[in-house]
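Work through the exercises below with the sequence and the coordinates at hand, and try each task before reading its solution.

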There are 2 protein chains.
Amino acid sequence: MAEVTAALSIGQVAERTGLSVHTLRFYEQQGIFVSAVRRASTGRRVYSQDDVDWLGVCVILRASGMPLPALRRYTELVREGAGNEEERLALLREHHGRVRDQLGRLTQCLDLITFKVGVYEDILDQEGPAAGSGRPRPSVGGDVPASRPGTSA
Amino acid sequence: MAEVTAALSIGQVAERTGLSVHTLRFYEQQGIFVSAVRRASTGRRVYSQDDVDWLGVCVILRASGMPLPALRRYTELVREGAGNEEERLALLREHHGRVRDQLGRLTQCLDLITFKVGVYEDILDQEGPAAGSGRPRPSVGGDVPASRPGTSA
DNA sequence: GTAGGAGCTTGAGTCGGCTCTAGGTCAACC
DNA sequence: GGTTGACCTAGAGCCGACTCAAGCTCCTAC
């Protein structure tokens with residue numbers, strides 16, 4: 001058990017969070033740090049492991065589409081400390097809902113794309129190497145064939 | 001069996017696709033239509049049911065994050081007609097992969113968020129109404145409590 | 001003692017994808 | 001014949017989230 005608080009440079013933090021140094025400075029300016037980023041006597045930023053942990057959470061929230069203003073608000077609540085758990089929960093729940101929606105929509109999209117991929121595989125199967133069997137496919141999705149469109153086939 | 005090809009105004013198409021009239025004109029300019037949009041003698045755009053069907057596909061591809069250039073390329077391939085199915089398939093497969101990745105990442109994010117929501121529910125459970133039991137929770141994710149951070153608890 | 005590299009600040013630029021504005025045409029209704 | 005209201009074009013503007021540039025300061029190593 002050593003290094004209670006690590007003291008990392010912006011480059012090191014960039015490396016371990018996957019964010020660019022630009023983005024780290026940008027996030028700081030945007031108020032996306034729970035406590036002010038410390039500075040060395042030379043003016044350079046000094047990050048702790050806590051900062052890295054927090055950024056890990058931020059990366060996930062961002063990756064799931066939380067907008068910066070919401071992330072900033074959440075950060076503020078955490079910075080204020082205990083007593084505002086309701087608001088944090090509300091914020092997270094709202095985001096949770098959005099992510100679930102997004103997941104649902106994406107799943108639907110994936111279905112369509114999977115289907116279309118199958119259609120094209122069949123087409124290439126049949127006219128391609130040998131006259132393969134060609135799994136039965138419902139009659140949709142081959143995409144308008146340019147010449148005589150007709151609600152696809 | 002009537003209206004082989006409907007003849008819809010831009011407003012009607014906007015309504016049935018969920019896209020704005022601005023976006024429809026923008027897409028047209030971007031080459032996101034399989035065949036040139038027809039014009040009435042007055043210069044107004046006249047869309048067919050095929051256009052609407054195609055836009056339906058586009059909406060789904062866009063919703064799943066396909067960038068406009070890729071969508072344009074796909075449109076071009078469909079416009080060119082039969083013979084380029086390999087490239088269409090490649091394009092769709094690539095997108096399919098990206099959507100699956102995105103889905104995976106989003107699912108992970110959802111797990112974290114679900115977990116955090118649970119943590120806050122427990123906190124509010126305990127200090128709130130009555131001193132509820134509080135389901136056992138692993139020791140992560142309560143978020144740095146501002147004062148004495150310490151790798152959260 | 002100087003070259004290289006990491007870091008600093010402020011402010012501008014980029015990118016994707018729309019979204020809106022200005023100024024105009026046209027058809028329909030009162 | 002005047003007013004809506006839907007549509008037209010070209011081009012500018014916007015938004016979110018970075019990303020980069022310019023010009024500077026340090027520190028380290030040769």
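The exercises that follow concern a predicted model, and each task is followed by a worked solution.

**Exercise 1. Describe the fold of chain A.**

Solution. Begin with the secondary structure, which in chain A comes to five helices and two strands. Then turn to burial: with a residue counted as buried if 20 or more other C-beta atoms lie within 10 Å of its own, buried residues make up 22% of the 153 residues in chain A. Finally, consider the contacts with a separation of 6 or more, of which 47% in chain A are between residues 24 or more positions apart.

**Exercise 2. Determine how chain B is related to chain A.**

Solution. Two copies of a chain are related by a rotation about an axis and a shift along it. Here chain B is superposed on chain A by a rotation of 180° with 0.0 Å of shift along the axis, at an RMSD of 0.0 Å; this is therefore the relation of a two-fold axis. To locate the axis, note that B:Leu103 is the residue of chain B that comes closest to it, with its C-alpha at 3.4 Å. Lastly, because 100% of the interface residues of chain B are also interface residues in chain A, the copies meet through the same surface.

**Exercise 3. Characterise the surface near DNA strand C.**

Solution. First identify the surroundings: 16 residues surround DNA strand C, the closest being A:Ser9, A:Gly11, A:Arg45, B:Pro67 and B:Leu68. The elements that give two or more residues to this surface are helices H1 (10–17) and H2 (21–29) of chain A and helix H2 (21–29) of chain B, and H2(B) supplies the largest share, three residues. Sorting by class then gives five nonpolar, seven polar and four charged residues.

Note on methods. Residues are numbered from 1 along each chain as its sequence is written. Chains are lettered from A and ligands numbered from 1 in the order in which they are written. This is a predicted model: local features need pLDDT of at least 70, side-chain atom pairs count only at pLDDT 80 or more; totals for chains, interfaces and linings use all residues. A residue is near a molecule or strand if its C-beta atom, placed from the backbone, lies within 6 Å of it. Helices (H or I, at least four residues) and strands (E, at least two) are DSSP runs, numbered from the N terminus. Ala, Val, Leu, Ile, Met, Phe, Trp, Tyr, Cys and Pro count as nonpolar, Asp, Glu, Lys and Arg as charged, and the others, Gly among them, as polar. A residue is buried if 20 or more other C-beta atoms lie within 10 Å of its own, exposed if 12 or fewer, and partly exposed in between; C-beta atoms are placed from the backbone. Two residues are in contact if their C-beta atoms, placed from the backbone, lie within 7 Å. Copies are superposed by least squares on the C-alpha atoms of residues with pLDDT of at least 70 in both.
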